[in-house]
Amino acid sequence: MAKATDGDGTPVPQRLLAAATRLFAERGYDRTSVQEIVEAAGVTKGALYHYFGSKEDLLQEVYARVLRLQQERLDAYANADAPIEERLREAAADVVVTTIENLDDASIFFRSMHHLSPEKNKQVRMERRRYHERFRTLVEEGQRAGVFSSATPADLVVDYHFGSVHHLSTWYRPDGPLTQQEVADHLADLLLRALRP
């Protein structure tokens with residue numbers, strides 16, 4: 001994707017995504033027009049269609065960019081030369097922090113996922129499943145080594161943790177009593193306590 005920029009150096013695709021994210025969060029995906037997005041981004045419809053085929057493609061990218069970031073970070077934690085407890089704890093905390101840092105993206109996606117075509121919906125689900133499966137391999141590694149309890153199936157452990165992550169947008173507030181790192185630490189600690197043999 002070419003990176004044409006405006007006067008302040010922000011690439012046009014980033015400007016479009018930022019505008020779409022803000023508008024989708026404020027008004028909802030279905031109540032936001034392409035014209036409103038391009039006006040907010042300060043570009044033409046032609047520019048939008050140069051980088052994104054449709055408003056639906058913008059919605060897909062809102063979530064996909066966060067998932068790509070989380071996948072890269074999870075792969076780094078999973079491949080690190082550290083004890084399994086440390087790698088799993090870091091990965092469990094990181095997905096909380098990166099979700100909170102991109103809370104609008106996450107909430108937009110879960111509210112608006114049904115607007116994606118079946119093909120795009122399937123693609124996003126596949127990418128998310130890949131992430132969950134990579135996370136599950138960390139749990140399974142610890143279970144095989146006897147470091148984690150195998151009393152609860154690894155799939156259920158992963159679903160439990162990500163259930164908490166997916167609900168962050170319904171209750172987390174930046175001005176609340178806990179920082180994003182404190183929330184991440186508490187949820188990661190809960191996960192590890194649940195896995196103790």
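Select helix H1 (residues 12-27) together with helix H2 (residues 34-41), whose axes lie 8 Å apart and which pack at an angle of about 125 degrees; axes here are lines fitted to C-alpha atoms, for helices over the stretch in contact, with angles running from 0 to 180 degrees between N-to-C directions. The model is a predicted one, in which local features need pLDDT of at least 70 and side-chain atom pairs count only at pLDDT 80 or more, while totals for chains, interfaces and linings use all residues. Residues are numbered from 1 along each chain as its sequence is written, and side-chain values use heavy atoms, with hydrogens and water left out.

The angle makes H1 and H2 oblique to each other, a class left over once angles under 35 degrees (roughly parallel), over 145 (roughly antiparallel) and 65 to 115 (roughly perpendicular) are set aside. To show the contact (heavy atoms within 4.5 Å), display Arg15, Leu16, Ala19, Ala20, Arg22, Leu23, Phe24 and Arg27 of H1 with Glu36, Ile37, Val38, Ala40 and Ala41 of H2. Coloured by class, the residues of this contact divide into 9 nonpolar, no polar and 4 charged.

Keep H2 on screen and select Val34, Ile37, Val38 and Ala41, which are its buried residues, buried meaning under 20% relative accessible area with a 1.4 Å probe and protein chains only. Looking down the axis of H2, you will find that these buried residues fall within an arc of 90 degrees, so they line one face of the helix; the arc is that of the directions from the helix axis to the C-beta atoms. The buried residues of H2 pack against H1, helix H3 (45-51) and helix H4 (55-79). Just after H2, Gly42 takes a positive phi of about 75 degrees.

Next, go to Thr99, which is placed in helix H5 (residues 84-101) and which, at 7% relative accessibility, counts as buried. If residues up to four places away in sequence are not counted, Thr99 touches Gln70, Ala106, Val165 and Leu168.

Finally, select helix H7 (residues 118-144) and helix H8 (residues 154-166), whose axes come within 9 Å and cross at roughly 130 degrees. H7 and H8 are therefore oblique to each other. Their contact is made by Arg128, Tyr131, His132, Phe135, Arg136, Val139, Glu140 and Gln143 of H7 and by Ala154, Asp155, Val157, Val158, His161, Phe162 and His166 of H8. By class, the contact of H7 with H8 has 7 nonpolar, 4 polar and 4 charged residues.

Terms used
Helix = DSSP H or I, 4+ residues; strand = E, 2+ residues; numbered from the N terminus. Nonpolar A, V, L, I, M, F, W, Y, C, P; charged D, E, K, R; others polar. Buried < 20%, exposed > 50% of the residue type's maximum accessible area, 1.4 Å probe, protein only.
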